[in-house]
Amino acid sequence: MDVSGYQTKTWKVILCHLLSLLTLGSLLVVFRWKPHLRVQARCSRCPLRQADWVVITDQFGQRFTAQVQTEQVEEGSLALCPAAAAGRSSITVGVSEDTDSTRDTIWLHPEEEEEEKKALRYYLFEGLRYIWIEEWEAFCRVSKLDENRTCADLHSSRCGLSAQERNTRRKVYGPNLIDVPVKSYLTLLIAEVLNPFYIFQVFSMSLWICESYYYYAACIFIISAVSIGISLYETRKQSKTLQSMVKMSVSVRVFMANREETTMDSSDLVPGDCIVVPADGMSVPCDVALLTGECMVNESLLTGESTPVMKTPLPEGPEAASPIYSPEEHRRHTLFCGTQVLQGRPYAGAEVLAIVTRTGFCTAKGDLISSILYPKPVNFKFYKDAVKFVLFLAILATLGTAYSIFILIRNRVPAWQIVLRGLDIVTVVVPPALPAAMTVGTIYAQNRLKKHGIFCISPPQINLCGKVRLVCFDKTGTLTEEGLDIWGVVPRENGAFLPIVHEVRCVGEGPLLHCLVSCHTVSLLRDQPIGDPVDLKMLESTGWTQEMVEGAEAEARVVRLFGSKALVVMKPPPREEQPVDAPHAVPIAVLRRFPFASSLQRMSVLVKRPGGPSSEAYMKGAPEMVASRCRRESVPVDFSETLRQYTSHGFRVLGLSYKRFAAVRTFEDAQEVPRDSVESGMLFLGFLVMKNVLKPETAPVIHLLRSAEIRAVMATGDNMLTAMNVARSCRMVEAGEPVVFVNAVPPSDGQPPALKFIPAEPPPQPLEGSYQQESYFLERHPSHFALNGKSFAVVCEHFRDLLPKILVRATIFARMSPDQKTLLVRSLQGLNYCVGMCGDGANDCGALKAADVGISLSEAEASVASPFTSRIANIECVPIVIR
């Protein structure tokens, strides 16, 4: 984004007013169409330091203007906690000569010692506040002030802010509001009527009235009036709907610097405030990092995913000193603005505490709302062709007018009649009803989608739907059913796999059973278990139940039984329901949970048995990842073969492991231990095998898309062979069509990066050499490419010249992280594909927003996860949207 500074000149302003009068307001209309011309006409170019107006050029070449505002700010610190200010560098906000490097992140200073206040300079653009930072000599997003803070810095902020610090921050960051402007009908009418097309219509109608074409002029007027009326009504209705969706004002309990607690409105919150999350839940008014306790959160408004998510505290202690806090990287410890906390549970003490990290449009919700209010320009060939068409008609009209004038002059027709006839040709050649027709068409299409249970929050993208030539699909919950049926457990014993046990309750007392009953994030909400569908099915299959530790009496009972406090206690089924020959199962206490993270592909827990001196760690996740964290001797030699056996038949497989953890004896010890030390040196236990059933609507829709020559691509976080089996089942890859695995290896130990093409079925004759494989598969051999997230990342970085050739053949992308799905969509767009994306929210949010047409499968009437939200919980909505 390029920013240029301009300073207002009085003589230029006066000259612009005079020219506006002389041109009868035409200049003002031009300025309305091109605001940057208004700034350039009234101002002179100057350094940003002196600017009172800025012209912003975005990445798409669009130009915008913003006025630089000034506010007096008292001296104060922007450090999260003044107590932690030692040794950190400073950035001076506003104009100042003081660059004291011993102060913390941001300080505000007066220009001179005798002054008590200083000026803060900023401008607002697309809802975001950009402040002048003297050290960088640039306007930067206010969220820049919050970068490079470690988890330890955030934990130190429990001390709260003083009244003066809150005042300073309020002026710098602005109010905690996501303001969706709802313009009046008059404002919308003026903006619509001043559109060049409608100005041309007014001119055309005036001309026709002069020539006594009253009926035709009246018809065009009525059509245009109805079109404008419908457009204004729909536009204002959508603005009000969006405003009601994002408007939030709740009372929040906040700790101040003197440890006093106060209640304030959420609009007054600033980064650095320490807030209390109530046990009965709340609507989260800003992005906050969880410091203590755990929360069960519904993120459906942001992600479209209705399954509650468990949030745990930000790492503390040695592991928190170095990692820089990032809302995306630490999303399992972050409560995002707009989400709903269903339940808050403190670990120690009576409160669940969180620190405010971002407010207003800087939050995750604010970013999504900003993308709706200020969408990226639609790169649609139709619009470009429409402009060329109108220009061609204009040239045609000019030639026709010139010829008419020439003929009429030769025939000595009166001058006024020559003018009328010449202008007549212009109005006939350029269709004046074009904008009205396009507006009515878009609104009609939006209402038709609504009847099918598909809601659109970005009407301009409706015109793109018919141009979609490639659709990316998530797998679980989109192509297949959300819930998984437990197929069985494959135990490991004496270094080898045993036969699969279909009845999980028959698994005897031991580490494998304890892993199944404890390694999950299921929680109880009003005595009803909630959580990830896989976790719920896994726990249900064991017959064990969960008991929350709430109240002093329950806590004392747990301490007597286990010698420590606990988050939850897992209780076995009654004795008569346990296996006859197995020893009597005893309850186990969960001391700490490390939730599943897409980037890590695993989760783990620390548990303790009754009377046991030490704890045990259990982990589950992607089989390859779990095996890589286990001791080599504990992983069976036929690991890959057994895994392939199940995944190639479409089963979803999770790896299970455990280890004794003598370093942790109590609940308090568990809160201090780093995750990495828990999830290393494990002993492999076996596989949990689940059956992933294809939705009945999936195969017919995929076949319909392929018949229409629309490519279908799968991007999933699941195993490659499972994804390949689903692709064949849903006819994304037809029977007899070959699949080739693209395996890319990054450079290591002085070896260059390598790229191999491995057929899923052996070719009729062996291929020699990497180059021959490339040329054979990329140019001559028709096949579907399949690659995982690691190979995709290597190809993007080291084989960029081959990336387009691979993408035009690739159909299956497995083990893809959320960021890689987004990159995939953008890479496909770079090949001039108009890309559709269909997912169920959650990890697909970035890809849904990046796609030309994003469709979120959600029960909510509308979510900000994507431009289109379908209440139809299957992909039948895709052809409906395209049509």
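Trainee: Where is the place of Asn832?

Mentor: Please keep in mind that this is a predicted model. Asn832 lies in the loop between helix H27 and strand S40 (835-839).

Trainee: Is Asn832 buried or exposed?

Mentor: Asn832 counts as exposed, because its relative accessibility is 73% and the exposed class begins over 50%. Its backbone also deserves attention: phi is positive, about 70°, although Asn832 is not a glycine.

Trainee: What is the phi of Asn494?

Mentor: Phi of Asn494 is near 55°, a positive value, and Asn494 is likewise a residue other than glycine. Asn494 sits in the loop between strand S24 (485-493) and strand S25 (496-497). With a relative accessibility of 74%, Asn494 counts as exposed.

Trainee: Back to H27, please. How many residues does helix H27 have, and how far does it reach?

Mentor: Helix H27 covers residues 818-829, which is 12 residues. From its first C-alpha to its last it reaches 17 Å, close to the 16 Å expected at 1.5 Å a residue.

Trainee: Which residues of H27 are buried?

Mentor: The buried residues of H27 are Gln820, Lys821, Thr822, Leu824, Val825, Ser827, Leu828 and Gln829.

Trainee: Why might residues three or four places apart in an α-helix point the same way?

Mentor: An α-helix has 3.6 residues a turn, so residues with that spacing point the same way.

Trainee: How many residues of helix H15 are buried?

Mentor: Seven of the eight residues of helix H15 (residues 511-518) are buried, and the helix is mostly covered. Among them are Leu512, His514 and Cys515.

Trainee: New topic. Which residues have the most contacts inside the largest nonpolar core?

Mentor: They are Phe473, Met732, Phe868 and Val878, in a core of 42 residues. Helix H23 (residues 720-729) gives the most to this core, with six residues.

Trainee: What is Val878 in contact with, leaving aside its neighbours within four places in sequence?

Mentor: Val878 is in contact with Val471, Phe473, Leu705, Cys838 and Ile855. There is also a second, separate core of 33 residues, which includes Ala744, Phe792, Leu803 and Ala847.

Trainee: Now the sheets. What is the order of the sheet with 10 strands?

Mentor: The order is S22-S42-S41-S40-S23-S35-S39-S38-S36-S37, in an open sheet with mixed pairing. Its edge strands are S22 (454-456) and S37 (754-759), each of which pairs on one side only. The twist averages 20° from one strand to the next.

Trainee: In what sense do S36 and S38 pair, parallel or antiparallel?

Mentor: Strand S36 (residues 739-745) and strand S38 (residues 784-788) pair in the parallel sense, over three bridges. Val740 stands opposite Phe785 in S38.

Trainee: Which strands does helix H25 lie across?

Mentor: Helix H25 (residues 789-798) lies across S36, S37, S38 and strand S39 (810-814). It runs at about 100° to S38.

Trainee: And what about the sheet with four strands?

Mentor: That open sheet has the order S2-S1-S3-S4, with antiparallel pairing. The edge strands there are S2 (43-46) and S4 (63-67). Neighbouring strands are turned by 35° against each other on average, direction ignored.

Trainee: How many bridges join S3 to S4?

Mentor: Five bridges join strand S3 (residues 53-57) to S4. The bridge partner of Val55 in S4 is Thr65. Helix H3 (residues 35-42) packs on this sheet, touching strand S1 (2-8), S2, S3 and S4.

Trainee: One more residue: is His155 buried or exposed?

Mentor: His155 is buried, because its relative accessible area is 9% and the buried class lies under 20%. It belongs to helix H4 (residues 151-156). Beyond its neighbours within four places in sequence, His155 is in contact with Leu291, Leu314, Pro315 and Glu316.

Trainee: To finish, how many helices and strands does the whole protein have?

Mentor: The secondary structure comes to 29 helices and 42 strands. Of the 883 residues, 51% count as buried. Among contacts between residues at least 6 apart in sequence, 70% join residues at least 24 apart.

Note on methods
Residues are numbered from 1 along each chain as its sequence is written. This is a predicted model: local features need pLDDT of at least 70, side-chain atom pairs count only at pLDDT 80 or more; totals for chains, interfaces and linings use all residues. Side-chain values use heavy atoms; hydrogens and water are left out. A nonpolar core is a set of buried Ala, Val, Leu, Ile, Met, Phe, Trp, Tyr and Cys residues joined through side-chain atoms within 4.5 Å. Buried means under 20% relative accessible area, exposed over 50%, partly exposed in between (1.4 Å probe, protein chains only). Helices (H or I, at least four residues) and strands (E, at least two) are DSSP runs, numbered from the N terminus. Contact means heavy atoms within 4.5 Å. The expected span of a helix is 1.5 Å times one less than its number of residues. Two strands pair if DSSP finds at least two bridges between them. Axes are lines fitted to C-alpha atoms, for helices over the stretch in contact, and angles run from 0 to 180 degrees between N-to-C directions.
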